Amino acid sequence: MKNWMLLGALITLTGCASHTCNNPPDDGYPAGSQCRAEHLLYQNDMLQAKLMISEADRENYELAEAMLRRAGVDDASGEAEFYMAVLLIRQQSDQPRVIELLEDAAKRKHPLAIALLSQQLSMTDQKKSESYRAQYAELDVAKSGYPSFEQALVVIRGLVIPQSQATAAN
């Protein structure tokens, strides 16, 4: 039940991410239909990748990464970069690449990316970490009160630490 609640919170927090249509107006399709199809494929890739990451089945990580890369081509929200960083953290992979992805997503004002970046930098660069925490406070979502920075960290913890590990730690 907690997994579904976490997934629901993730989808709610990330919302319908920005998507740009790369097709020229004269693409042979009725106005907007090809762009709509691309947007639906983008949404499918993001949803499938999120599900694969949340399942914490390492066998699915390669496919999740491929879907995130494909979705990232048309993603203007930073969501694909954020989830790619989460995937790399789960794989205990390249920390500089994680920071780079999170910084790219933060430039696009992705709230969870900014919170995770602040958390990731808190041990190595306290000044930068505080800067990102202040940046989070300026986001519309933070000004509205939900999610607060602390609530965002709870969501992030659920993403970064697989449920099986979190349960074993308690």
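## Helices, core and loops: exercises

In this predicted model, helices α6 and α9 are roughly perpendicular to each other. Angles of 65 to 115 degrees count as roughly perpendicular, those under 35 as roughly parallel, those over 145 as roughly antiparallel, and the rest as oblique.

Residues are numbered from 1 along each chain as its sequence is written, and side-chain values use heavy atoms, with hydrogens and water left out. Local features need a pLDDT of at least 70 and side-chain atom pairs count only at pLDDT 80 or more, while totals for chains, interfaces and linings use all residues.

**Exercise 1.** Determine which parts of the model call for caution, using pLDDT (the predictor's confidence in each residue, from 0 to 100).

*Solution.* 
- Step 1: The protein has an average pLDDT of 82, and 76% of its residues score at least 70.
- Step 2: In residues 3–18 the pLDDT is below 50, and this stretch has 31 contacts in the model beyond near neighbours in sequence. A contact means heavy atoms within 4.5 Å.
- Step 3: Residues 23–27 also have a pLDDT below 50, with four contacts beyond near neighbours in sequence.
- Step 4: Where pLDDT is low, the predicted coordinates should not be read in detail.

**Exercise 2.** Describe the secondary structure and the overall burial of the protein.

*Solution.* 
- Step 1: Helices (H or I, at least four residues) and strands (E, at least two) are DSSP runs, numbered from the N terminus.
- Step 2: The protein has ten helices and zero strands.
- Step 3: A residue is buried under 20% relative accessible area, exposed over 50%, and partly exposed in between (1.4 Å probe, protein chains only).
- Step 4: Of the 170 residues in the protein, 41% are buried.
- Step 5: Among contacts between residues at least 6 apart in sequence, 56% join residues at least 24 apart.

**Exercise 3.** Work out how α6 and α9 pack and which residues meet.

*Solution.* 
- Step 1: Two packed helices are described by the angle between their axes and the distance between the axes.
- Step 2: Axes are lines fitted to C-alpha atoms, for helices over the stretch in contact, and angles run from 0 to 180 degrees between N-to-C directions.
- Step 3: For α6 and α9 (residues 149–160), the angle is about 85 degrees and the axes are 9 Å apart.
- Step 4: From α6, L112, A115, L116, S118 and Q119 take part, and they meet F149, A152, L153, V155, I156 and V160 of α9.
- Step 5: By class, this contact holds nine nonpolar, two polar and no charged residues. Ala, Val, Leu, Ile, Met, Phe, Trp, Tyr, Cys and Pro count as nonpolar, Asp, Glu, Lys and Arg as charged, and the others, Gly among them, as polar.

**Exercise 4.** Identify the largest nonpolar core and the elements that build it.

*Solution.* 
- Step 1: A nonpolar core is a set of buried Ala, Val, Leu, Ile, Met, Phe, Trp, Tyr and Cys residues joined through side-chain atoms within 4.5 Å.
- Step 2: The largest one has 43 residues, and L68, F82, L102, L116 and Y136 have the most contacts inside it.
- Step 3: Two or more residues each come from α2 (33–55), α3 (61–72), α4 (79–90), α5, α6, α7 (126–137) and α9. The largest share, nine residues, is that of α4.
- Step 4: Not counting residues up to four places away in sequence, L102 touches F82, A85, A113, L116, L117 and Q120.

**Exercise 5.** Compare K109 and H110 in the loop between α5 and α6.

*Solution.* 
- Step 1: K109 is exposed, with a relative accessible area of 54%, whereas H110 is buried at 6%.
- Step 2: Phi of K109 is near 65 degrees, a positive value in a residue other than glycine.
- Step 3: Take the C-alpha distances to S77. For H110 the separation is 6.4 Å across 33 residues of chain; for K109 it is 7.3 Å across 32 residues.
- Step 4: Leaving aside neighbours within four places in sequence, K109 is in contact with I114 and L139.
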